[in-house]
Amino acid sequence: MSTTLPPLPESFGNPAVAQMAEIVPAAGIDWLPQTPGWYVVAAVLLYFLGRRALRAFAHWHRNRYRREALGRLHQSELTTRAVNETLKLAAMAASSRDEVARLSGTAWTEWLQRRCDGPVFSDASLEELGEKLYVTSAQPAAPSLVAEARTWLKSHRDAHA
């Protein structure tokens, strides 16, 4: 079952385009820079972008204690003792353990206030964190105390900033 096709005639196709030559496209354009100056510019740009990315990562990593403490303050059943414990843990992460661990009462609340640009805690919250905390049993934290603790966590100055 082999079929053979007849041969093509000499004048096959459109006679109007028989004498035309096919267009050969130009070579592709090279998009890489041809001078070494552009490589220097790219290297300097990569250096500064890399440096900025490393600094942003270091800042994010350094402030993980803030994110963890803010997460603890989103619990529904918070006591004043739990708020104080969260503030103490965050303060020890932000500063030295030797400086913060021994603080209690008025010294503790004064230390908290000094770490921010302006006063963050109200007088009632300072009294609750300072003296009432050690006298009364586990009492629910006032919403204003939790809000002030969140503000302190977001805005305090730390030793490594």
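Reader: In which helix is Tyr47 found?

Author: In this predicted model, Tyr47 is found in helix α1, which covers residues 36–62.

Reader: Turning to helix packing, at what angle do α3 and α7 pack?

Author: Helix α3 (residues 80–94) packs against helix α7 (residues 143–155) at an angle of about 5°, and their axes are 11 Å apart. Angles under 35 degrees count as roughly parallel, so α3 is roughly parallel to α7.

Reader: Which residues meet there, α3 with α7?

Author: From α3 come Thr80, Val83, Leu87, Ala90 and Ala91; they meet Leu145, Val146, Ala149, Trp152 and Leu153 of α7. By class, this contact has 9 nonpolar residues, 1 polar residue and no charged residues.

Reader: And α2 with α3: how far apart are their axes?

Author: The axes of helix α2 (residues 64–72) and α3 lie 10 Å apart, and the two helices pack at an angle of about 180°. Angles over 145 degrees count as roughly antiparallel, and α2 and α3 are therefore roughly antiparallel to each other.

Reader: Which residues of α2 meet α3?

Author: Tyr65, Ala69 and Arg72 do, and in α3 they meet Glu85, Thr86, Leu89, Ala90, Ala93 and Ala94.

Reader: How many charged residues does the contact of α2 with α3 have, by class?

Author: It has 2 charged residues, along with 6 nonpolar and 1 polar.

Conventions: Residues are numbered from 1 along each chain as its sequence is written. This is a predicted model: local features need pLDDT of at least 70, side-chain atom pairs count only at pLDDT 80 or more; totals for chains, interfaces and linings use all residues. Side-chain values use heavy atoms; hydrogens and water are left out. Helices (H or I, at least four residues) and strands (E, at least two) are DSSP runs, numbered from the N terminus. Axes are lines fitted to C-alpha atoms, for helices over the stretch in contact, and angles run from 0 to 180 degrees between N-to-C directions. Angles under 35 degrees count as roughly parallel, over 145 as roughly antiparallel, 65 to 115 as roughly perpendicular and the rest as oblique. Contact means heavy atoms within 4.5 Å. Ala, Val, Leu, Ile, Met, Phe, Trp, Tyr, Cys and Pro count as nonpolar, Asp, Glu, Lys and Arg as charged, and the others, Gly among them, as polar.
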